Amino acid sequence: MSDAVSDTVALQVAQADLPTLSRFAGALAPVLEAGDVLLLYGELGAGKTTFTRLLAAALGVPGDEAASPSFALVHEYRGRLPLYHMDLYRLSGPDEVEDAGLLEYFAPSALTLVEWPERLGAWLPASHLALRLAQDPPGLVNLTLSPHGAAWLRRRSLLRHIAPS
């Protein structure tokens, strides 16, 4: 990864506090641009798909459309930005990502959101926004945003102001 931006945005919310997570997703959505890549890190059950649904809704995707693409690998949604939502959990690594044709979804005209980005290996885009979700302590979700690359360097001040109050 190149051009890592040292600033991170961190917040902690109650796991069941969907309104706060929804406000956070709503604040992040206007910052996102076509060509952006959002990488979601976290264990099973950390809230990656829940956050994706909330972000998709904030981008104008009807709420009942966004679902985990675990079995289909990728879903495409239409909102303010075209959104490609990948779940790489069932893949073993970068060779399977490439063999599945998923690299073509990193498009300059869309927002690409990836769950389990560790599976990308060398295909991990240099410019991305990493979102780490962790349940620690149980019942609370810790969210940390880490911007990487020049595209995020110019928007880092916007990221500092999106944490919900």
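User: In this predicted model, is the crossing in which α1 passes α2 left-handed or right-handed?
Analyst: Helix α1 covers residues 18-28, and helix α2 covers residues 48-58. In the predicted model, the crossing in which α1 passes α2 is right-handed.

User: Which residues of α2 make the contact with α1?
Analyst: On the side of α1, the contact involves Leu18, Leu21, Ser22, Phe24, Ala25, Gly26 and Leu28. The residues of this contact divide into nine nonpolar, three polar and no charged. From α2, the contact is made by Thr50, Phe51, Leu54, Leu55 and Ala58.

User: Why do the buried residues of α1 line one face of the helix?
Analyst: The buried residues of α1 are Thr20, Leu21, Phe24, Ala25 and Leu28. They line one face because, seen down the axis of α1, they fall within an arc of 140°.

User: How many helices and strands does the protein have?
Analyst: Along the sequence, the elements follow the pattern β-α-β-α-β-β-α-β-β-β-α-α. The secondary structure comes to five helices and seven strands.

User: What percentage of the residues of the protein count as buried?
Analyst: A residue is buried if its relative accessible area is under 20%. Of the 165 residues of the protein, the share that counts as buried is 46%.

Note on methods
Residues are numbered from 1 along each chain as its sequence is written. This is a predicted model: local features need pLDDT of at least 70, side-chain atom pairs count only at pLDDT 80 or more; totals for chains, interfaces and linings use all residues. Side-chain values use heavy atoms; hydrogens and water are left out. Buried means under 20% relative accessible area, exposed over 50%, partly exposed in between (1.4 Å probe, protein chains only). Helices (H or I, at least four residues) and strands (E, at least two) are DSSP runs, numbered from the N terminus. The arc is that of the directions from the helix axis to the C-beta atoms. Axes are lines fitted to C-alpha atoms, for helices over the stretch in contact, and angles run from 0 to 180 degrees between N-to-C directions. A crossing is left-handed if the near helix is turned anticlockwise from the far one by less than a right angle, and right-handed if clockwise. Contact means heavy atoms within 4.5 Å. Ala, Val, Leu, Ile, Met, Phe, Trp, Tyr, Cys and Pro count as nonpolar, Asp, Glu, Lys and Arg as charged, and the others, Gly among them, as polar.
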